[in-house]
Protein chains: 2
Amino acid sequence: MQPDLSVLAALTSALGPAGVLTQPSDMAAYATDQRGIAVSAPVAVLRPASTQETAAAVRLCAAAGLPIVPQGGNTGLAGGAVARPERPAALLNLGRMDRIRELDALDYTVTVEAGCILQRLREAADAADRQFPLSLAAEGSCTVGGILSTNAGGVMTLRYGNARDLVLGLEVVLADGQVWQGLRRLRKDNTGYDLKHLFLGAEGTLGIITAATLKLFPRPRRTDTLFAALPDPDAAIALSARLRNATADALTAFELVPRFAIDGAARYLGEQIDPLPAAPSPWYALVELTSGSADGALRRQAEAALAAALDEGLIQDAVFAESEAQRRALWRVREAPPEIGRKVGGALHHDVSVPVSRVPAFIAEATAAVTALVPGCRPYPFGHVADGNIHYNIARPETMSGEAFLARGPEVKRRVHDIALAHNGSISAEHGIGLFKRDELQRVKPALELELMRRMKAALDPAGIMNPGKVLPEA
Amino acid sequence: MQPDLSVLAALTSALGPAGVLTQPSDMAAYATDQRGIAVSAPVAVLRPASTQETAAAVRLCAAAGLPIVPQGGNTGLAGGAVARPERPAALLNLGRMDRIRELDALDYTVTVEAGCILQRLREAADAADRQFPLSLAAEGSCTVGGILSTNAGGVMTLRYGNARDLVLGLEVVLADGQVWQGLRRLRKDNTGYDLKHLFLGAEGTLGIITAATLKLFPRPRRTDTLFAALPDPDAAIALSARLRNATADALTAFELVPRFAIDGAARYLGEQIDPLPAAPSPWYALVELTSGSADGALRRQAEAALAAALDEGLIQDAVFAESEAQRRALWRVREAPPEIGRKVGGALHHDVSVPVSRVPAFIAEATAAVTALVPGCRPYPFGHVADGNIHYNIARPETMSGEAFLARGPEVKRRVHDIALAHNGSISAEHGIGLFKRDELQRVKPALELELMRRMKAALDPAGIMNPGKVLPEA
């Protein structure tokens, strides 16, 4: 059924001219995903300024049969905020709803609108001597609504959990335009089914998150950052478990980095970034610990654990950052792989997870498999291994064109996913399903789980108006 | 429609004679709730020994139209595991499914069956140098399935969250007898809707949790316990926020205790338990901090924060436990109020929560209201105030019979709940809804939330076979 586009006039009445964009030049900024690889062709871009306007827009679109694609900062990596050309739809961008409604330091809570940029939220928490502990590369442009709708992860998940774990309450515009006012700031509330978890991580397919009440945490008083050289990924997993225990969970980040990050930075980025140049190692760990006291007790605990690890050959060397500049330099090594991937002229990306103890076996098996499929390809797995989350990325062989390598993508991806699944893993640890992994999800997800997901979709969006064709195929 | 009771023979074939109890003397242990105040009249008690037997039992009961009431340790306080006499049903007790299937210290995970007693799970974690951080009074008899189905809280929620926050994966027998095998042990998995949260806290009304994969944490190396005298509940909230910040969230428990706990223990339990007898105070806080190092650094941080609090009049005195015996003695004060309540000859109980900063206002308003309603009644609010969770309990007036006081229960409860709700609070913080709060939930929950809950129920249990009449009225 084709939507009734006369709804655009009614939408303009409801949202005002600034709230309804229909000129291609005005829509361009919203109509292309961050990586520029998905063509988006919305009928209009809606930019409501309030929950009431969002609700009015949904009611009008629902009546007209016009689907809605909710959008935050448009930084997603799974095509979840793309308006597919073959399916006329309105993009609903929440960027004008960006207020921090209330921050209560005594309650350790903040209530914020969906369009607020993550970095602004983190700065507001800092200013109140609190911490909002979710941090990821896109934090300067991604929004609260986006991180909640995709259940974002990032570099602090090890200690503070995923985005959904940080939520106390939600305000949601439902598929029929009703507003669920669930902005509670209760730490405990056992009064029936937990409705907020339906919408968290649902990528806008069940409703539109317009605001959230989030947990805040104490602001750390001291951060210790270290970089360790490791013989293999087994050592990384053993070291992370030991450091968790030795520091009573003061471990905030534990990132695996392959040698390729250092060699690739020299070659493709022209940067010399090796923090331990005396003895090159195949693997490294970037570790960060945070403490509520500035006295260095935590560093001494970590040093004792590292000394024991050195004696046992679990690590080969390690260095602590002694200044913020040194800390930035250590993080630079962790941040290099994605940048190298953009310069290497052809790379395949995977966002998989496995049980933490299975990380070494997964990396070994995946590497054997992909180098057999495409001899000479260069895997550079990195990321949040203490959560079991590996960005298993692969650069093209030196002697193969990027085009030829990317043409092998479907085959390579399927193989990597199958190996993760054989270890009871996931094909999307933190990036979500969106459009790009939708069909792969149909292939790998047990039929019963897909059936339960379809029942949730039918129960909350019976007309199929909310971000249709994302996560699940259209009914 | 009356169920077809010829199903009992088929159930006995499927579960064996030990799996189907029909004699009143055999059923008695399961048929009465812990407090003995709800009469339970099951058609049979089913005791499956495996997931497959549980699934077979559900299939048979579903086909016969015989509702199922799932039951763990039968320690619930909301009547959720009671088979109502007016509604023929089978009690399905999970006590025979009590295996710890796998504990992986490297992964910090454990997979355990629903019937496993919480205390056994905690001991198994300790033995592996790990911690399962959920602790409550009934831990010697409550089960994993029960704590997950009620999303239990307890004394460590402040640091580790509620039961649902500790779950990585579930195995669930659905209402049609299919088994959802969701026992993942992934820290990150964004592949569609998060199905486990549907069943967690659903009190067995959407399916039967048969096993779970749970998070483990580092085992603390040192515990510091202190008891502080406070002028008022405001001081408790301010002190908890300060200690959280001063110790970077090493605060594991922060419990408010009223003077009534000490005076009532002397009078009703014959125990002298005042840890600070020199200067009686109206309010106290029991505080516990845990650390990953045994060096006492955390205690020094806490002492510095307490010294500042003393200077500012936020606390009047404080004492640290210097031995395990002293620690037990301090906890005794926190544990006294529920025992006093059973001896006082008539007490009303409330399990409410409000935003943390609203605790003092809630206590003041509730106390003014209930003493106006029933002059002379003796409120003794206590509990997990740093989570905003107050067990607002009230002893009968000295001059009124317990019977006369309890007859005022409905009126008093409604008033206390309305005051909690006026502060955007909850009428059930950690105990759940079950049977006893079902009608009150209908009164206070917004119509839209009840509608969304009914849609979840219809989507997952269309025949209404799973614990009917609990949480929601029967359709």
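**View 1. The end of helix α14 in chain A.** Helix α14(A) is followed by A:Asn424, a residue whose phi is positive, near 60 degrees. As with every view here, what you see is a predicted model.

View 2. Which residues of α14(A) are buried? They are A:Gly409, A:Val412, A:Val416, A:His417, A:Ile419 and A:Ala420. Seen down the axis of α14(A), these buried residues fall within an arc of 160 degrees, so they line one face of the helix. On the other side of α14(A) you will find A:Pro410 and A:Ala422, which are exposed. The cover over the buried residues of α14(A) includes the chain A helices α12 (359–373), α13 (402–407) and α15 (438–444). Strands of chain A belong to that cover too, namely β16 (347–348), β17 (351–353) and β20 (394–395).

**View 3. Leu148 in the largest nonpolar core.** This core has 148 residues, and A:Leu148 and B:Leu148 touch the most other members. In soluble globular proteins, nonpolar side chains tend to be buried together. What does B:Leu148 touch, leaving aside residues up to four places away in sequence? Its contacts are B:Ala163, B:Val167, B:Leu170, B:Leu200, B:Gly201, B:Ile209, B:Ala212 and B:Leu214.

**View 4. Where chain A meets chain B.** Here 88 residues from chain A and 88 residues from chain B take part in the contact. The area buried between the two chains is about 7200 Å², and carbon and sulfur atoms give 54% of it. In chain B, the residues that lose the most area to chain A are B:Lys188, B:Asn190 and B:Tyr193, which together make up 14% of what that side buries.

**View 5. Salt bridges across the interface.** How many salt bridges are found across the interface of chain B and chain A? There are eight. For a closer look at a salt bridge, find the side chains of A:Lys188 and B:Glu430, which meet at 2.9 Å, N to O.

**View 6. A:Asp194 in its loop.** A:Asp194 sits in the loop between β9 (179–182) and α7 (196–199) of chain A. Is A:Asp194 buried or exposed? A:Asp194 has a relative accessible area of 16%, which is under the 20% limit, so this residue counts as buried.

Definitions and conventions:
Residues are numbered from 1 along each chain as its sequence is written. Chains are lettered from A and ligands numbered from 1 in the order in which they are written. This is a predicted model: local features need pLDDT of at least 70, side-chain atom pairs count only at pLDDT 80 or more; totals for chains, interfaces and linings use all residues. Side-chain values use heavy atoms; hydrogens and water are left out. A nonpolar core is a set of buried Ala, Val, Leu, Ile, Met, Phe, Trp, Tyr and Cys residues joined through side-chain atoms within 4.5 Å. Buried means under 20% relative accessible area, exposed over 50%, partly exposed in between (1.4 Å probe, protein chains only). Contact means heavy atoms within 4.5 Å. Helices (H or I, at least four residues) and strands (E, at least two) are DSSP runs, numbered from the N terminus. The arc is that of the directions from the helix axis to the C-beta atoms. Buried area is the accessible area (1.4 Å probe) that two parts lose on being put together, summed over both. A salt bridge is a side-chain nitrogen of Lys or Arg within 4 Å of a carboxyl oxygen of Asp or Glu.
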